[in-house]
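Please walk through this protein model with the structure open beside the text.

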Amino acid sequence: MVLGGGGAKGAQSWRGRMEGAAFDGMLSSVEVSRDVMQTCLAHALTTEREEVMGLLLGDIEEDGQGAAVARVWRLSFQRRVDRRPDRVEISPEQLAAAAEEAARWTEETRRVTRVIGWYHSHPHITALPSHVDVQTQGNFQLLDRGFIGLIFSVFSSLPDSTSRMQMVGFQSVSAPSAGGGPPVFSQRLVPVSVAETAEGGDRAPTRLVELQRVQLAEEREAYAEALAAVASATADGPPDSRAADLGIAFHSAIYQKVLCGILAHSLPPLAQALHDRKQHHAREIAALEAELADCELAEAEMRLSGAAISVPAQQAAAPY
Ligand SMILES: [Zn+2]
């Protein structure tokens, strides 16, 4: 299974770090770009019925002393293969697709990017990893020891009727297994910080639109499967039966309700992301205009001082 990405350049960078490194795979912290954090939260808030998940793209930076920081600047959204409310799973195909996406991003931005972790949501429950999460994380670390997991707890109600969102970063530590069985892991929480989005990183508005496309495609597929099931179940029924019509009407109503739900969940964060972006651009424009005004002032002063010098020269050169 390939967790990398970043093509040959990425592989070279990783090998280079491993050669003289005392890094044991235990990260000192994880740094997530502001836009990625915004997109992850918006994704987690799209549904309170099921867990959602995606993969984290970025790189791991070592300090040469054994400590390392995971930096995340891009996400890879995954279509859910298993829609149980309390479980998310990542298939090898999804990992391979994310690694390809990382390689493409490396080519596009010239910033070495690879798959370095995963995130998922915990609707209505604590952000702490479950036993299954810790095992899944431990198995990832067997493939790539610096792998990181993030969990977003959403839709949790507090006694005062407010809701709470929490997020944790974690890794797994393997404990000796009894009798040579499969490895047993325990959780290790990793501090998380948010950094400004740098060049070559995800922008929340663009990714939120892509996320909406992925979710619409998932629902379209589920709707098509439901219609096929109705057709198959009613194929041998009496010709005047209205069972097929009722089945189609039922699933169409569900489909439309779900589409409205996706729009209701995805448009507010998208509007907020666009608003944030507009404010960011307004600040940049103001800074550039101030810089331009300074340049124009300096140019005017230079012209004035040049004119002051040139007047006596012209007078001196005049024949009368
Ligand atoms: Zn979980």
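**A helix pair and its surroundings**

H2 passes H5 in a right-handed crossing. The model is a predicted one. The residues that make this contact are Asp-35, Gln-38, Thr-39, Ala-42 and His-43 on the H2 side, and Ala-204, Arg-207, Leu-208 and Leu-211 on the H5 side. The two helices pack at an angle of about 30°, and their axes lie 9 Å apart. Because angles under 35 degrees count as roughly parallel, H2 is described as roughly parallel to H5.

H5 covers residues 204–234. Its 31 residues should span 45 Å at 1.5 Å a residue, and the C-alpha atoms at its ends are 45 Å apart, which agrees. The buried residues of H5 are Ala-204, Pro-205, Arg-207, Leu-208, Leu-211 and Gln-215. Of these, Ala-204, Arg-207, Leu-208 and Leu-211 belong to the contact with H2.

Pro-269 counts as buried because it has 20 C-beta neighbours inside 10 Å. Leaving aside neighbours within four places in sequence, Pro-269 is in contact with Ala-42 and Leu-208; Ala-42 belongs to H2 and Leu-208 to H5.

Along the sequence they follow the pattern α-β-α-β-β-α-β-α-β-β-β-β-α-α. Of the 320 residues of the chain, 28% count as buried. Among contacts with a separation of 6 or more, 72% are between residues 24 or more positions apart.

The next topic is the nonpolar interior. In soluble globular proteins, nonpolar side chains tend to be buried together. The largest nonpolar core here has 41 residues, and those with the most contacts inside it are Leu-56, Leu-57, Val-72, Ile-116, Ile-148 and Phe-152. Elements that give two or more residues to this core include strands S1 (29–33), S2 (53–62), S3 (68–77), S4 (114–123), S5 (148–157) and S6 (163–175), along with helices H2 (34–44) and H3 (92–109). H3 gives the most, with six residues. A second, separate core has five residues, among them Ala-42, Ala-204, Leu-211 and Ala-273. Ala-42, Ala-204 and Leu-211 also take part in the contact between H2 and H5.

Which residues surround Leu-57, once its neighbours within four places in sequence are left aside? Leu-57 is in contact with Val-72, Arg-74, Leu-75, Ser-76, Ala-98, Ala-102, Trp-105, Thr-113, Arg-114, Val-115 and Ile-116.

Helix H4, residues 131–143, has 13 residues and reaches 19 Å from its first C-alpha to its last, close to the 18 Å expected at 1.5 Å a residue. Its buried residues are Asp-133, Val-134, Thr-136, Gln-137, Gly-138, Phe-140 and Gln-141. An α-helix has 3.6 residues a turn, so residues three or four places apart point the same way. The cover over the buried residues of H4 includes S5, S6 and strand S7 (184–190).

Two residues stand out for their backbone angles. His-124, in the loop between S4 and H4, has a phi near 70°, a positive value in a residue other than glycine. His-124 is partly exposed because 14 other C-beta atoms lie within 10 Å. Phe-155, found in strand S5, has a positive phi of about 65° although it is not a glycine. With 17 C-beta neighbours inside 10 Å, Phe-155 also counts as partly exposed.

Ala-67 lies in the loop between S2 and S3 and counts as partly exposed, with 14 C-beta neighbours inside 10 Å. Ala-67 and Met-26 are 41 residues apart in sequence, and their C-alpha atoms are 7.8 Å apart in space. Thr-109 lies in helix H3 and is partly exposed, with 14 other C-beta atoms within 10 Å. The C-alpha atoms of Thr-109 and Glu-199, 90 residues apart along the chain, are separated by 8.4 Å.

Terms used. Residues numbered from 1 in each chain as written. Predicted model: local features only at pLDDT ≥ 70, side-chain atom pairs only at ≥ 80, totals over all residues. Core = buried A, V, L, I, M, F, W, Y, C linked by C-beta atoms within 7 Å. Buried ≥ 20, exposed ≤ 12 C-beta atoms within 10 Å, placed from the backbone. Helix = DSSP H or I, 4+ residues; strand = E, 2+ residues; numbered from the N terminus. Contact = placed C-beta atoms within 7 Å. Expected span 1.5 Å × (residues − 1). Axes fitted to C-alpha atoms, helices over the stretch in contact; angles between N-to-C directions. Parallel < 35°, antiparallel > 145°, perpendicular 65-115°, else oblique. Left-handed = near helix turned anticlockwise from the far one by under 90°.
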